[in-house]
Amino acid sequence: MPLDSIAGANIVLGVTGGIAAYKAVELLRLLEKQNAVVTPVLTKGATRFVSELTFNALCSTKAYSSLIDYDEPILHTKLGKNADLILVAPATARLIGTYAAGIASDLLTSVLIATNAPVIVCPAMHTEMYENIAVQENLATLKRRKVIVVDSEYGRLAQNDVGKGRLASLDTILAVVKRTLMSHTSLSDKTVTVTAGGTKEYVDPVRFISNKSSGKQGIAIALEAYYRGATVNLVSTVVGIPDYLYGLENFNIYHVETAQQMSEKVLELSHFSNLVIMAAAVADFRVANESRLKIHRQEGTPKLELVPTVDIISELVTLRSKSVTKNSNSIFKHQKIIGFAAETDNLDERALAKLKNKNVDFLVANDVSKADIGFDSDLNAVSIYNRGGLIKHVAKKNKHEVAAEILDVYESEI
Ligand code: CTP
C-alpha cells in the first residue's frame, strides 16, 4: 500500500555478498533512523562479509539469512506479503541473474518472487562484471518488469580498482526509497520546474552583484516534488548542490548564473511543466556596462549603470495566457505558477499586492528580517496566499517541512 512517508514502512533490506555489503549496515541505520521497520535478509555470501548479528543489533525486527532455519514455516511468503518495499543493496550479478530468471534459490530470491511490493535493486560489482552483456540484459529484464534499478556509480571498487560498478550513494538510494514509497500522490504524472538560489549579475569577469539567497528552500521543494513522484527540473545558481542529486533519474539539474540565463531555461522548460515554482531570488537589475576585462583599481572607481532584468515570472504568466488561447489542449491550460516574496515589512499587504501584480496562482512570502529563518538558514516560516487571500501560515520549521506544506497547498487546489 502506498504510504505518505518512510516512517512505519515495512522494508525488507536484501543484502548480497559483495564488498559493499558493509554499506548495507549504514543503510539499515539510516532507514531505521527515519522510523522505517526494516527486516534484513542476508544471502549466504553476505554473511561472509557482515554478520547477521550486526544487522540484528541495529534493526527493530529480526535479521534472517536462511529459508528453512526458523520456526516460521513459510517465512518467505510472510516477508513478501508484509513488505511495503523490498530493497536489495548491494545486489550482486548472481542475485540479479537469479531474480531475472525467476529462480527461488534462497530466502532473498524467494521473498523477491513471493512479493507484490515494489522492488529496488542497487547493483554493485566490478566494472567487467557490471558491463557484461548478461548482467546488462538481466538488469534490462528487471527494469521491463518495473523493478527499479538504482544504477551503480563510477568510483573506487574492491582492491583499489576504479570504474563503474560502485554501489550508488546511500543518499541516492534513500531518495529513491522515499520516492517509491510516496509516489502514489498526485505529482506522479506531473513535471515540476523549480528555481533556486540568487542570480549573479556580472560587473566584470571576476565580480558580480548577487544576494543572500542560499537556494536551500528551492532545492528542498525540488526534492519533495521528486519524493512525490514528479519529474523535476531544478534550475539553480547554487554551486554546492548535494552530489547525490545528480545521481537521481527524473531529477534534472540545470546550472545558470544570470537572470537572463535563468529566464531562457525556465521559459523553455515551462512548455513541459505542470507547475513552475520561482523560489529563486532573481536580481531586479543587471549591469548594462559589464566590462569584458577585469576592472583595475588604477582605473578609478567604476560607474555602474544598472538596467532592469527580465521579470521571469511575469514572462511565464504571459506565455501561459498566450499559449492557452492558441491551443486549448496545451499543458499551459492547467499550469500553475508559484511566486515567492522575501519581505522585511508589511508581509501580508506586500505579498497580496505582489500576487495580484504578478498575476500568479500562489505566492509564498517569508519575512527575511528575522535572523533565524529565511536566507541561508535551514529553517523558514512562510505565509501562503492565493488570489482569495491567506491560505496557510506555516510556523518555523525546517525547509524540507516547509517544502511539503507548499506542495500540499498545490495538491489540494488542483
Ligand atoms: N522574479 C522573477 N524575475 C525577476 C525578479 C523576481 O521571476 N527579475 C520572481 C522571484 O523569483 C519571485 C517573485 O518574482 O518568485 C517575486 O520576487 P521579488 O524580488 O520579491 O519581487 P520583485 O518583483 O522583484 O519586487 P521587489 O523586489 O520590488 O519587492
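Is Ser323 buried or exposed? Ser323 is buried, at a relative accessible area of 12%; buried means under 20% relative accessible area, exposed over 50% and partly exposed in between, with a 1.4 Å probe and protein chains only. This is a predicted model, where local features need pLDDT of at least 70 and side-chain atom pairs pLDDT 80 or more, while totals for chains, interfaces and linings use all residues. Residues are numbered from 1 along each chain as its sequence is written, and side-chain values use heavy atoms, without hydrogens and water.

**View 1. The whole protein.** The protein holds 14 helices and 19 strands. Helices (H or I, at least four residues) and strands (E, at least two) are DSSP runs, numbered from the N terminus. Along the principal axes, the C-alpha atoms fill a box of roughly 75 × 55 × 45 Å. Of the 414 residues, 52% count as buried.

View 2. The ligand sits in the largest pocket. A pocket is an open set of points on a 1 Å grid over the protein atoms alone, with protein on both sides within 12 Å along at least five of seven lines. To sit in one, a molecule needs more than half of its atoms within 2 Å of its grid points. Elements giving two or more residues to the shell are α12 (312–326), β16 (336–343) and α13 (347–358). The largest share, three residues, comes from β16.

**View 3. The shell around the ligand.** Of the 15 residues around the ligand, Met278, Ala280, Asp284, Lys354 and Lys358 come nearest. Near means that a heavy atom of the residue lies within 4 Å. The shell divides into nine nonpolar, two polar and four charged residues.

View 4. A polar contact is a pair of N or O atoms within 3.5 Å. A polar side-chain atom of Lys354 lies 2.6 Å from a ligand oxygen. A backbone N or O atom of Val310 is 2.9 Å from a ligand nitrogen. For Thr309, a side-chain N or O atom is 3.3 Å from a ligand nitrogen. Alone, the ligand exposes 570 Å², and the protein buries 75% of that. Accessible areas come from the Shrake-Rupley method with a 1.4 Å probe.

**View 5. Two serines.** Ser323 lies in helix α12. Its C-alpha atom is 9.3 Å from that of His271, 52 residues apart along the chain. Ser214 is in the loop between β10 (207–209) and α10 (216–227). Ser214 counts as buried because its relative accessibility is 17%. A polar side-chain atom of Ser214 lies 3.2 Å from the backbone nitrogen of Lys216.

How values were computed:
Polar contact = N/O pair within 3.5 Å; in protein donor to acceptor, adjacent residues only side chain to side chain. 1 Å grid on protein atoms, 1.4 Å probe; cavity = no way out; pocket = protein on both sides within 12 Å on 5 of 7 lines; lining within 4 Å. Nonpolar A, V, L, I, M, F, W, Y, C, P; charged D, E, K, R; others polar.
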